[in-house]
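Student: Could you show me how to read a protein model, one feature at a time?
Tutor: Gladly; let us look at it together.

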Amino acid sequence: MTADLHCHTKLSDGSIGINDLIILAKNKGIETIAITDHDCLAGTVRGKVIGERHGVNVIPGVELSAFSKELDKEVHILCYQPESADRLEGLCRSNSFLRKRASQYLIIKASKRYPITSDLVLKCATGSTNVYKQHVMHALMECGITTQIYGEIYHELFSPESDNNIIVQPDYPDPKEVVKAVKAAGGIAVLSHPAHTGCTELTDDLIKEGLDGIEVWHSMLDAPMRREALSLARKYDLFVSGGADHEGLLGGEYIHYEKPEETPIWFPPCALGTTKFFFEEIRDGKKKPERGALMDTMLADDTLWERTK
């Protein structure tokens, strides 16, 4: 892996700062990262400066929130290297306001269910531009109600399948409008972990609006999901992206394992990042002529998608 194109910092729902994230990438031998905080571009300039200091290439990015009324699902669009990032500031501010308003109700619901206070949740969100469900879970950990971010209580409170969830869905713009905004800003628009969120059927409509790529490798995608995503990239000739969706302490269980093969959620080669070939395409904004043959070979290679003994 040479690039991790999906990283979060304390500015959104991550637990570590920009400097620590870059040092972590360097220590793990990752040459390039994209800081893609939710609806926040504040870390891009600082990230590039700190990255140069440590020899890590940091490309500007943001993960923009959207909501598909058609699917009744939240959808995320990754934007890389916007030429006019200021054109996305209005969308980021609007989405941030919608999230803040929803989080107020979320905290009230959580405090009625468990003995936590809004002050504690806000303390756990210190440094972030907003309040996220991970901050609520952090508050529950501080009170000794749970020992982990992602566990039974998380699924009880935040899983759409839970009858007892406390989800308050912000009224984000339609994914097509978000893709249009990314293209208007001169950015590369990539559909974030669609196989995990169940929004692959939006691909056709989003391509019509200028969608450039699809996230194939992601920490929450199992092998069939990754294969499905790569098949879509091959079918529509899309850029291929990937990353760990790193959130530090506030991330998933995979972060506690030094070796991917030791985790219960198995990660095949390239599972947590983007290979040099595909990253260079995104970096240069240009597809290589041999990409189709490479994807065909990858799709036919079962060792990339199945656990090897």
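Student: In β5, which residue is the bridge partner of L78?
Tutor: Strands of a sheet pair through backbone hydrogen bonds, either parallel or antiparallel. Here the bridge partner of L78 is V190 in β5. Strands β4 (residues 73–80) and β5 (residues 188–191) run antiparallel and are joined by four bridges. Helices (H or I, at least four residues) and strands (E, at least two) are DSSP runs, numbered from the N terminus, and two strands pair if DSSP finds at least two bridges between them.

Student: Before we go on, what kind of model is this, and how are its residues numbered?
Tutor: This is a predicted model, where local features need pLDDT of at least 70, side-chain atom pairs count only at pLDDT 80 or more, and totals for chains, interfaces and linings use all residues. Residues are numbered from 1 along each chain as its sequence is written, and side-chain values use heavy atoms, leaving out hydrogens and water.

Student: What is the mean pLDDT of the protein chain?
Tutor: pLDDT is the predictor's confidence in each residue, from 0 to 100. The chain has a mean of 86, and 89% of its residues reach 70 or more. Over residues 249–272, however, pLDDT stays under 50. Where pLDDT is low, the predicted coordinates should not be read in detail.

Student: In what order do the strands of the sheet come?
Tutor: The seven strands form an open sheet with mixed pairing, in the order β1-β2-β3-β4-β5-β6-β7. At the edges are β1 (3–7) and β7 (239–243), each pairing on one side only.

Student: How do α10 and α12 lie relative to each other, and why are they called roughly antiparallel?
Tutor: Axes are lines fitted to C-alpha atoms, for helices over the stretch in contact, and angles run from 0 to 180 degrees between N-to-C directions. Angles under 35 degrees count as roughly parallel, over 145 as roughly antiparallel, 65 to 115 as roughly perpendicular and the rest as oblique. The axes of α10 (residues 223–236) and α12 (residues 291–300) come within 10 Å and cross at roughly 155°, so these helices are roughly antiparallel to each other.

Student: At what angle do α1 and α2 pack?
Tutor: Helix α1 (residues 18–27) and helix α2 (residues 43–54) pack at about 40°, with their axes 9 Å apart; they are therefore oblique to each other. Contact means heavy atoms within 4.5 Å, and the residues making it include I22 and I23 of α1 and I50 of α2.
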